[in-house]
There are 2 protein chains.
Amino acid sequence: MSDFTVKDALALRVGEGFRLRDVDPASTPGFTGGEKKLDRAFDGPDDELKDLQRMLHANALREDHTGAVLLILQGMDTSGKGGVIRKVFKVFSPQGVDTVAFGRPTEQEQAHDFLWRIRQHEPEPGRIVVFDRSHYEDVLVHRVQQLSPADEIERRYGAIVDFENGLAERHVRIVKVMLHISKEFQRENLAERLERRDKHWKYDPDDITQRLLWDEYMEAFEIAMTRTSTDAAPWYCVPGDNKDYARMVVKHLLLDALRSFDMDWPEPHFDVEEERRRLAES
Amino acid sequence: MSDFTVKDALALRVGEGFRLRDVDPASTPGFTGGEKKLDRAFDGPDDELKDLQRMLHANALREDHTGAVLLILQGMDTSGKGGVIRKVFKVFSPQGVDTVAFGRPTEQEQAHDFLWRIRQHEPEPGRIVVFDRSHYEDVLVHRVQQLSPADEIERRYGAIVDFENGLAERHVRIVKVMLHISKEFQRENLAERLERRDKHWKYDPDDITQRLLWDEYMEAFEIAMTRTSTDAAPWYCVPGDNKDYARMVVKHLLLDALRSFDMDWPEPHFDVEEERRRLAES
């Protein structure tokens with residue numbers, strides 16, 4: 001029985017005719033086995049990921065037009081976005097990572113087009129960037145709560161695809177992940193936040209207001225993901241009730257994105273022998 | 001024999017009459033023992049550090065005027081700044097960490113006062129920020145290479161103290177660390193960068209040019225640290241030839257900074273019972 005591979009992760013890609021209800025949040029596609037095997041699949045890519053991050057950084061220092069990676073995380077409240085960032089990114093050096101959380105837009109941000117605040121955080125070459133929520137809020141929340149008219153939402157799907165294509169053009173590999181949890185799993189998670197004093201701060205009464213609109217959100221996700229899953233910026237629907245599984249999958253998706261640069265260490269821009277001599281004399 | 005504590009780390013503080021030549025880069029003040037014991041001293045504060053970071057974040061979400069931590073790392077080339085960031089910050093969630101590397105200023109940055117580019121990165125409440133080099137380059141490099149006149153350097157010591165006092169006023173705990181390595185240790189590190197193909201990119205011929213000015217740099221460090229070590233923003237001179245020791249010390253200094261907020265979990269801003277009822281009905 002083979003271990004989980006990048007190919008298994010890529011199989012979760014959203015394509016034409018995607019239906020969210022076909023994905024069981026408790027399932028673990030491509031993986032069978034217990035906790036130990038899951039740990040192994042999670043730790044497996046670590047050495048390669050570390051090298052790839054260093055190469056990404058090294059090439060950005062020395063060359064032009066090198067790449068960056070952008071992970072966009074979406075999901076209902078308590079779907080585990082924070083946990084993915086905390087656990088998966090442990091493997092990377094924080095020197096090369098930027099995490100950006102997009103909360104409710106400020107008044108200044110609302111005065112601009114919805115992509116304005118996102119563009120402030122376009123990935124710099126050599127970096128691995130995570131968006132904890134993103135411009136997708138502006139088609140998800142806005143559709144469900146009718147914060148924008150239908151034709152503006154419609155316009156936004158196109159604007160998002162254009163925007164992401166532009167990033168890809170500048171060598172940003174975009175990985176979009178929806179952490180797909182069940183309504184029952186959310187109930188347990190919210191109950192825990194209400195139970196534990198050290199988790200109260202994570203709870204917001206608005207979470208319940210959104211939860212009551214569950215079906216509407218699922219519909220909004222399905223439409224947004226189908227409309228914006230492109231070759232340059234594919235969506236992956238990752239079952240999230242098993243947190244460890246979801247984290248393991250995200251790691252493999254990042255591995256694929258980094259591998260795709262087909263990098264090597266940059267050539268030295270100095271004469272190695274000459275520098276050894278200078279060092280010896282210093 | 002007791003383990004290394006925060007008190008041992010604080011003893012490395014730079015005070016009046018500080019002389020850099022009195023600090024042996026190969027020494028490990030406050031610590032005796034082997035590798036295993038060093039690992040234990042390094043891992044010891046992890047659970048507390050994790051909780052403190054979460055509390056710092058939680059309080060910033062819910063309250064005004066909460067704090068942030070700023071670690072400023074300085075040291076000669078190959079002194080281990082990158083390693084400190086990579087190893088020490090593994091304990092924190094990347095969601096709450098910002099690392100900023102200050103390289104050679106751009107033309108735009110040079111057109112401004114030296115603190116201008118630094119101020120773009122003032123820590124936001126709830127965050128732990130690392131400066132990999134900083135405004136201290138503008139009194140160190142500038143003094144040694146005479147890039148600025150003596151009276152401007154003089155002015156800058158005062159400007160730095162004012163700037164850092166202002167941050168402290170807004171509840172930023174500032175920890176300034178000089179990683180103090182020996183010239184021989186640097187030679188070994190540079191030789192390694194010239195030896196290994198996967199480290200060539202870290203090497204810069206200018207490193208040797210700076211190395212030839214070693215004594216001048218040590219003098220510049222001593223003056224800058226003595227002039228700017230204040231209660232609000234103390235300097236710590238951490239011997240760096242033993243990398244694991246230096247990393248362990250920095251962890252304990254961060255522990256002290258975080259503890260000093262004397263935090264608790266924020267009170268919920270909602271009625272817990274009422275929310276339990278809403279959840280049950282949802």
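Predicted model: local features only at pLDDT ≥ 70, side-chain atom pairs only at ≥ 80, totals over all residues.
**Stop one: a helix in chain B.** Select residues 183–195 of chain B, which make up helix α9. You'll be looking at 13 residues that reach 18 Å from the first C-alpha to the last, close to the 18 Å expected at 1.5 Å a residue. Now show side chains for Phe185(B), Gln186(B), Asn189(B), Leu190(B), Arg193(B) and Leu194(B): these are buried.

**Stop two: an aromatic pair in chain A.** The whole structure holds ten aromatic pairs over all chains. For one of them, select Tyr136(A) and Trp235(A): an edge-to-face pair, 4.8 Å centre to centre, with 70 degrees between the planes. Tyr136(A) sits in the loop between β3 (128–132) and α7 (137–144), while Trp235(A) belongs to strand β5 (residues 235–239), so the pair ties together parts of chain A that are 99 residues apart in sequence. Buried or exposed, what is Tyr136(A)? Buried, at 1% relative accessibility. Trp235(A) is buried too, with a relative accessible area of 1%.

**Stop three: charges over rings.** Still in chain A, pick Phe42(A) and Lys251(A): the lysine lies over the face of the ring, 3.5 Å from the ring centre. Then hop to chain B and select Phe114(B), where the charged end of Arg156(B) sits over the ring, 4.7 Å from its centre.

Methods: Residues numbered from 1 in each chain as written. Chains lettered and ligands numbered in written order. Heavy atoms only, no water. Helix = DSSP H or I, 4+ residues; strand = E, 2+ residues; numbered from the N terminus. Expected span 1.5 Å × (residues − 1). Buried < 20%, exposed > 50% of the residue type's maximum accessible area, 1.4 Å probe, protein only. Phe/Tyr/Trp six-rings, centres within 6.5 Å; stacked < 30°, edge-to-face > 60°. Lys NZ or Arg CZ within 6 Å of the ring centre and 35° of its normal.
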